[in-house]
Amino acid sequence: MTTRIEIDHRAVRTGAERHPEKAHRPDNPIQRKPAWIRVKAPTHPVYHETRALMREKNLVTVCEEAACPNIGECWSQRHATMMIMGETCTRACSFCNVATGIPKPLDTDEPRRVGEAVATLGLRHVVITSVDRDDLADGGAEHFAQTIRAIRACAPATTIEILTPDFLRKDGALEVVVAARPDVFNHNLETVPGLYPTIRPGARYYHSLRLLDRVKQLDPSIFTKSGIMVGLGEERIEVLQVMDDLRSADVDFLTIGQYLQPSVKHAAVDRFVTPDEFDDYAKAARGKGFLLVSATPLTRSSYHADRDFVALRSAREDALRDARSARLGVRA
């Protein structure tokens, strides 16, 4: 069966044009995708409405910039993950389709436009992510905080999930973001530590773990979330160790999805992980104590985020109720 994945127009620039730092690398041929990776073409009228609103508000979305295969489904339901602080990243991760280079100065009006767009779309839950901004003294932490506050002002009933960079060597930045009190703080580990030198060379695995742990120390009421890709050459035992590391940081929600190669200049797909293997990973993660797990070939950080937030909140309430019952049982 032929797999058809159609992506919005802004994602068609790949390879050397979008990633000049990768131009010298040898080509990695893109493998034919298996039958279990299928998405619908983005033809729904609401998809086009969502796209038009993003252009009207001059907003960037990670859905387009990262060439997400779920864009048709999500935008047809008015779910768009907005990417703040521009469309140019200061990092050059070998898996990512976001353009690399020298970013433009911050757009100080962007938080207001994001808040208005969230209100116009009528979102119950919104995900805000960003490029890495190593050029900024705070890594963009205050811009995140301003965006959260703008959404609260324009759409007070909307719950807010943020997917942040690692704020590496940006002392005090995390505290600024946490003080703005997002409902969910997401930071992706992306892969197992042994693959960091080739897949995520600008980041540090244990720094990212400490970041997630620190969020819980600062505000235990904030849900924490992280995700990894599989199919990059990792071993199962390494994935299980990442799960243990995340649970040691008290992370609530784990996402696992198949890595899909954006262009011939990106890291090659080592293999396509089967749906049964994803089910096995999900079962293992639930057994380790995550409140919520999403593990499927097309799982992405913000895929079905609104629905997952409802499930996450319910899971916490159930866990608290069970803990209370257990304490009462011991006392009795």
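Let's start with a pair of residues: Asn186 stands opposite Lys225 in β7. This is a predicted model, where local features need pLDDT of at least 70 and side-chain atom pairs count only at pLDDT 80 or more, while totals for chains, interfaces and linings use all residues. Residues are numbered from 1 along each chain as its sequence is written, and side-chain values use heavy atoms, with hydrogens and water left out.

**Strand β7 and its partners**
- Strand β6 (residues 184–186) pairs with β7 in the parallel sense over three bridges; strands pair if DSSP finds at least two bridges between them.
- Strand β8 (residues 253–258) runs parallel to β7, and six bridges join the two.
- Val230 stands opposite Gln258 in β8.
- From β7 the chain crosses through helix α9 (residues 236–248) to β8, a right-handed β-α-β crossover (clockwise from the first strand over the helix to the second, with the strands pointing away from the viewer).
- Helices (H or I, at least four residues) and strands (E, at least two) are DSSP runs, numbered from the N terminus.

**How covered is β7?**
- Eight of the eight residues in β7 (residues 223–230) are buried, meaning under 20% relative accessible area with a 1.4 Å probe, protein chains only.
- Phe223, Lys225, Gly227 and Met229 point one way, and Thr224, Ser226, Ile228 and Val230 the other way.

**An enclosed space**

Conventions. Buried means under 20% relative accessible area, exposed over 50%, partly exposed in between (1.4 Å probe, protein chains only).
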